[in-house]
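Me: Please take a close look at one part of this model. I would like a connected account.

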Amino acid sequence: MAGFNVRSILVTGANRGIGLEVVKQFLEKSNPPEWVFATCRDPEGERAQQLKNLASRHPNLEIVALEATDPASIKAAATRVEEHLKSSGLNLLINNAGIVTPSTLESETPEDMSLVYATNVTGPLLVSQAFLPLLRKAAQGSPQPGLSCSKAAIVNMSSECGSIANLFAWELGHAVSYRCSKAALNMLTKCQSLGYERDGILSIAVHPGWVQTDMGSSTPHQAPLTVDVSVQGILNVLPTLSKKDNGAFVNWEGKVLPW
């Protein structure tokens with residue numbers, strides 16, 4: 001990851017788990033970004049304490065309020081980020097915020113289906129729309145040819161649970177709404193890759209692995225991956241991605257996954 005130079009990144013759902021670790025590892029780089037924007041629902045709340053601790057040590061970390069299911073909140077966050085970036089754009093948008101509700105085919109409810117879809121699919125769509133002008137600005141201002149995560153990119157944190165060809169860990173938990181939402185997120189990523197390539201923006205879906213987070217521990221079984229190993233893998237993969245990977249679905253080790 002030493003050669004991965006990103007001037008600005010934004011991570012949603014950054015107050016815990018994978019999002020928080022992504023922020024930490026970018027800040028700890030020998031060449032950290034000039035700006036790291038970490039978003040969460042309530043920056044002043046108890047759940048954001050770890051982010052606030054980081055911000056006290058890293059002046060390049062800015063905590064921004066963003067509720068991924070609220071268009072007004074997303075728009076306000078984009079305005080605030082633009083004010084900080086001034087004339088430059090946003091290089092890397094990581095749509096990490098997501099939720100899971102344990103369920104079976106028999107117990108799944110309309111309310112949970114709607115909530116999970118709103119957070120895991122509509123949220124990344126709206127966030128990407130709001131920050132698209134800043135991503136375009138970064139791409140236009142970059143001397144780099146082609147597509148890359150250090151030029152301008154949307155990274156959607158997906159899951160192999162959304163793979164229709166490889167129904168990951170079905171026997172460990174159905175999580176129907178979660179699986180459906182991640183399959184839809186993969187399609188959104190593909191659509192973004194087709195729609196934004198002409199703007200110089202790379203779009204990719206990433207499966208972080210089954211990770212030891214609050215979400216990853218929603219089944220009685222122990223997740224095999226630690227958060228730091230997963231994120232280190234992701235941050236090693238991102239700088240290797242280029243135009244040939246646009247719209248792909250890869251895991252934390254860079255392996256292409258079946259849709």
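Which residues does Leu-238 touch, not counting residues up to four places away in sequence?

Reply: This is a predicted model, in which local features need pLDDT of at least 70, side-chain atom pairs count only at pLDDT 80 or more, and totals for chains, interfaces and linings use all residues. Residues are numbered from 1 along each chain as its sequence is written, and side-chain values use heavy atoms, leaving out hydrogens and water.

Leu-238 touches Phe-4, Leu-92, Cys-149 and Val-155; contact means heavy atoms within 4.5 Å. Leu-238, Leu-92, Cys-149 and Val-155 are among the residues with the most contacts inside the largest nonpolar core, which has 40 residues. Such a core is a set of buried Ala, Val, Leu, Ile, Met, Phe, Trp, Tyr and Cys residues joined through side-chain atoms within 4.5 Å. Buried means under 20% relative accessible area (1.4 Å probe, protein chains only). Helix H1 gives this core its largest share, 6 residues.

Now the strands. Helices (H or I, at least four residues) and strands (E, at least two) are DSSP runs, numbered from the N terminus. Val-155 stands opposite Ile-204 in E6. Strands E5 (residues 153–157) and E6 (residues 202–207) pair in the parallel sense over 5 bridges; pairing requires that DSSP finds at least two bridges between two strands.

Helix H1 (residues 17–27) lies across E1, E2, E3, E4 and E5, at about 160 degrees to E1. Axes are lines fitted to C-alpha atoms, for helices over the stretch in contact, and angles run from 0 to 180 degrees between N-to-C directions. Helix H4 (residues 110–141) also packs on the sheet, touching E1, E4 and E5.

Definitions and conventions. Buried < 20%, exposed > 50% of the residue type's maximum accessible area, 1.4 Å probe, protein only.
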